[in-house]
Amino acid sequence: MPAGRPRSLRAQIAASRKALRATTEPPSAEAPRKPRQPRVQRASTRAQTNEPPLERLRGWFRAKGWTPYPFQEEAWAAHARGESGLIHVPTGAGKTYAAYLGPLADVAEHGQPGLQLLYVTPLRAVSRDVEKALREPLTVLDADITVESRTGDTSSSVRQRQRERLPQVLITTPESLCVLLTHERAPELFASLRSVIVDEWHELLGSKRGSQLELALARLRHFAPGLRTWALSATLANLEEAARHAVGTGQTPTIVSAALERPVVVETLLPESVDAFPWAGHLGFSMLARVGAWLDAERSTLIFTNTRAQAERWFEGLRFARPEWEHLIALHHGSIAREERERVESGLKEGSLRIVVCTSSLDLGVDFGPVERVVQVGSPKGIGRTMQRAGRSAHRPGATCHILFVPTHALELVEMAAAKDALLRREVEARTPPGKPLDVLAQHLVTCALGGGFTPGALRDEVRTAAAFAGLTDEEFAWTVSLVREGSPTLRAYPEFRRVVEHEGRCVVADARVARMHRLNIGTITSDAVVQLRYWSGGRLGSVEESYVSRLKPGDTFIFAGKKLEFSRIQDMTAYVRPAKTKVTQTPRWSGSRLPLSGSLAAAVRRTLDTARHGDVTSDELAAAWPVLDAQARLSRIPAADILLAETCQTRDGHHLFLYPFEGRLVHEGLAALLALRLTRLRKATFTLSVNDYGLELLTPTPFPFEEALHPALFTRERLEADVLESVNVGELAKRQFRDIARIAGLVLPGLPGARKSSRQVQASASLLHDVFLKYDPDNLLLVQARREVLEQQFEEGRLERTLERLQAAPLELIHVRRPTPLGFPLVVERISASLSSESLLERVERLKERWTREDARSA
């Protein structure tokens, strides 16, 4: 229906009823896709043979020209012994068949009906590739084995059939698995399950999606005793912990790994010159022409960016720089319409597309064999991410990965030199699982109440078999049960919070509306509300965040999916646009897009700077960055690995203190607020704070005795949590964090399909609940969780504590400088970029550079 044409009341009622009847799968890690009939393939019937299924599968391997790796044989043998565990080998080495062929042989040998093997992937976008890989070996088995998918893309008719009878092999996502667990016949449907494979476990482990899946696996082990679980990963450091969380607390996991090396060849595209005044993005598009010249249309290439906005700009820039490649270049990110993403993925595989600018939407799972090279625009910010992206090239066992780093500012050259060194040392980051998130547990309790019901004592013991909830106390479990039964004592008078009731000794869901709303909102992925983008003519482009669209005025122009668009109006959470005829004024920005420096890469950066301080600049990246490092050495010092560099100076803005811990933006945010509080206890002052991945700035308009105040006790870990709570507005941050917790716990729901609430409405509802709890139930465990998550996620409290320990023990090198140094200048730019001015940021930066260059010349 064209936008703007009012619908009749009858049509609106009919649409609402249709939305209520629909069974909609919750979001996975990709944007929604239209329903698709999953392909079903049954094994062809071959002449009966006495050869065991696994031997026939080995024969299939040989027919493909493959020889099983020792780690694959080891995994098949471990599965045959009834073991569970983790398979950890490099990307492209054959993890999928290592985990799959053993369970598949088991399914073929027993020949039982019903679900036998469950394959869980974090991205439903890759289910088609997984399905193809899992169907291929069926041709050599004398068994009638059905392979199907169940994700948000699966048609309603297939989902309806699967509610009655599941296939022998099912590919699904964590969210769709939880929807299946809400079926009242869930114990019967999953009783025949023999094995579970969890792909890309590192992607789930450090998030609530992983906690949700751990609870689901505990439920499956209850339905099917003896269930074997195998998790797959290529980029993990904490293998024992990761394996334990995959298999649960009831068994000792087996870790299968291999000394297979996929060499990673790293190059850096060096700028022709660098500015001694570096700031984020200042190289920017000056590198575009060089990237365009480096690219070869004959060699398939993925160009990774860290944000969707950056992907849009680079895609547009490359099309402008190489117009003759218009038909060979494409754009791929999670907000683009599903049809366009599928077209790009198919083009990559077929070879009709040679260069794709993308984000993490192509990081995982999808096998693009033709891709030869990978480009990383900007610092990767982490070693695991670098390995994952490099592994997209030459996605074959033993093949060499190629990745090209493209710096977007001069100091990223140091990060890239550090990343190369850390890659050689295999310093991959650990993934830390969340500790017993009660909002996830509350959602799981309602799922279990729908899926056949539960008795509290038995379910409590079952939940504790999930490693994430092994430390759950009786009181915490009882409180969470009370939450889903009555909404906590504070909300007992409101019937809408009574989701679970007791019936004949079991906790169940008796209200059909509660059941429908729960199924529609299962999942732990939370984000800003999204608005669909459509042309006036009705064509769908994708989605952008509501917070961005709400700032647009009719006539504003922007780039999306490589198209120049003019905003017209927003109606019913849909933004209507038309092709723009005027110059584009902006690119959409999405929240949460600034990646912080990981712990492993931060340590490598400190080590790399230390080598430069001692005169070793033999790496190409450090040599290219030498104008910056040389200016830093002349004005101050290049930081040492085991010394804390502090700089003080006075400018027209006031009195500055710069500190350079090199621990990442999130840690520095907490550290800056903490130090400002502790300094004001020594002497009253007002500080303006600025942070980036390298350091922090404290600016005060009046003189302050920084030299006297900077002593080891300033960095003490004593009273850390209390001081952080006092130093920042944790209350307001916790209120926003509570919105996501309340949504996951089911206290606040975003609505039905076609009638979704805006983020403002959801935030208002959550804020009201937060304030009620704060006033009448201040010890509410969800409030406690919100405060804890702010400290852990906003400031990386554990890493902040380790940083304070390091800084307290480190000698201090305090230098008074005449103006901000190359390390301090980006912090100044960060601060002024947040202030209002009639000048553009570039104009203000250029004015500062001109003034300080004159001052440097006079003092030379």
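The following legends describe close-up views of a predicted model.

**View 1. Overall composition of the chain.** In this predicted model, the chain contains 33 helices and 28 strands. Of its 860 residues, 58% count as buried. Among contacts in the chain with a separation of 6 or more, 76% are made by residues 24 or more positions apart.

**View 2. An open sheet of six strands.** The strands follow the order β9-β14-β13-β10-β12-β11, and their pairing is parallel. At the edges lie β9 (264-268) and β11 (329-332), each of which pairs on one side only. On average, neighbouring strands of this sheet are turned by 20° against each other, direction ignored.

View 3. Strand β10 (residues 301-304) pairs with strand β12 (residues 355-358) in the parallel sense, over four bridges. Within this pairing, leucine 302 has valine 356 of β12 as its bridge partner, and phenylalanine 304 has cysteine 358 of β12. The pairing of β11 with β12 is likewise in the parallel sense and runs over four bridges. Here the bridge partner of alanine 330 is valine 356 in β12, while that of histidine 332 is cysteine 358 in β12.

**View 4. Side chains on the two faces of β11 and β12.** In a regular strand the side chains alternate between the two faces of the sheet. From β12, Ile355 and Val357 point one way and Val356 and Cys358 the other way, and all are buried. Strand β11 is covered on both faces: Ile329 and Leu331 lie on one side, Ala330 and His332 on the other, and all are buried.

View 5. Strands β10 and β12, joined by four bridges, are both touched by the two helices shown here. Helix α13 (residues 308-321) packs on the sheet and touches β10, β11, β12, β13 (373-377) and β14 (401-406). The direction of α13 makes about 170° with that of β11. Helix α14 (residues 338-350) also packs on the sheet, where it touches β10, β11 and β12. For α14, the direction makes about 130° with that of β11.

**View 6. Packing of helix α25 against helix α31.** Two packed helices are described by the angle between their axes and the distance between the axes. Helix α25 (residues 665-682) and helix α31 (residues 797-809) pack at an angle of about 60°, and their axes are 9 Å apart. The two helices, α25 and α31, are therefore oblique to each other. The crossing in which α25 passes α31 is right-handed. From α25, the residues Val667, Gly670, Leu671 and Leu674 meet Arg799, Leu800, Thr803, Leu804 and Leu807 of α31. The residues of this contact comprise six nonpolar, two polar and one charged.

View 7. Histidine 655 is placed in strand β23 (residues 654-659). Its relative accessibility is 16%, so histidine 655 counts as buried, the cut-off being under 20% relative accessible area. With neighbours within four places in sequence left aside, histidine 655 is in contact with Cys649 and Gln650, with Leu698, Leu699, Thr700, Pro701, Thr702 and Pro703, and with Phe706.

**View 8. Two loop residues with positive phi.** Most residues other than glycine have a negative phi. Arginine 719, although not a glycine, has a positive phi of about 55°. This arginine 719 is found in the loop between α26 (706-709) and α27 (720-727), and is exposed, with a relative accessible area of 53%. Glutamate 796, also not a glycine, has a positive phi of about 45°. The position of glutamate 796 is in the loop between α30 (781-794) and α31. With a relative accessible area of 21%, glutamate 796 is partly exposed.

Technical notes:
Residues numbered from 1 in each chain as written. Predicted model: local features only at pLDDT ≥ 70, side-chain atom pairs only at ≥ 80, totals over all residues. Heavy atoms only, no water. Axes fitted to C-alpha atoms, helices over the stretch in contact; angles between N-to-C directions. Parallel < 35°, antiparallel > 145°, perpendicular 65-115°, else oblique. Left-handed = near helix turned anticlockwise from the far one by under 90°. Contact = heavy atoms within 4.5 Å. Nonpolar A, V, L, I, M, F, W, Y, C, P; charged D, E, K, R; others polar. Pairing = 2+ DSSP bridges. Buried < 20%, exposed > 50% of the residue type's maximum accessible area, 1.4 Å probe, protein only.
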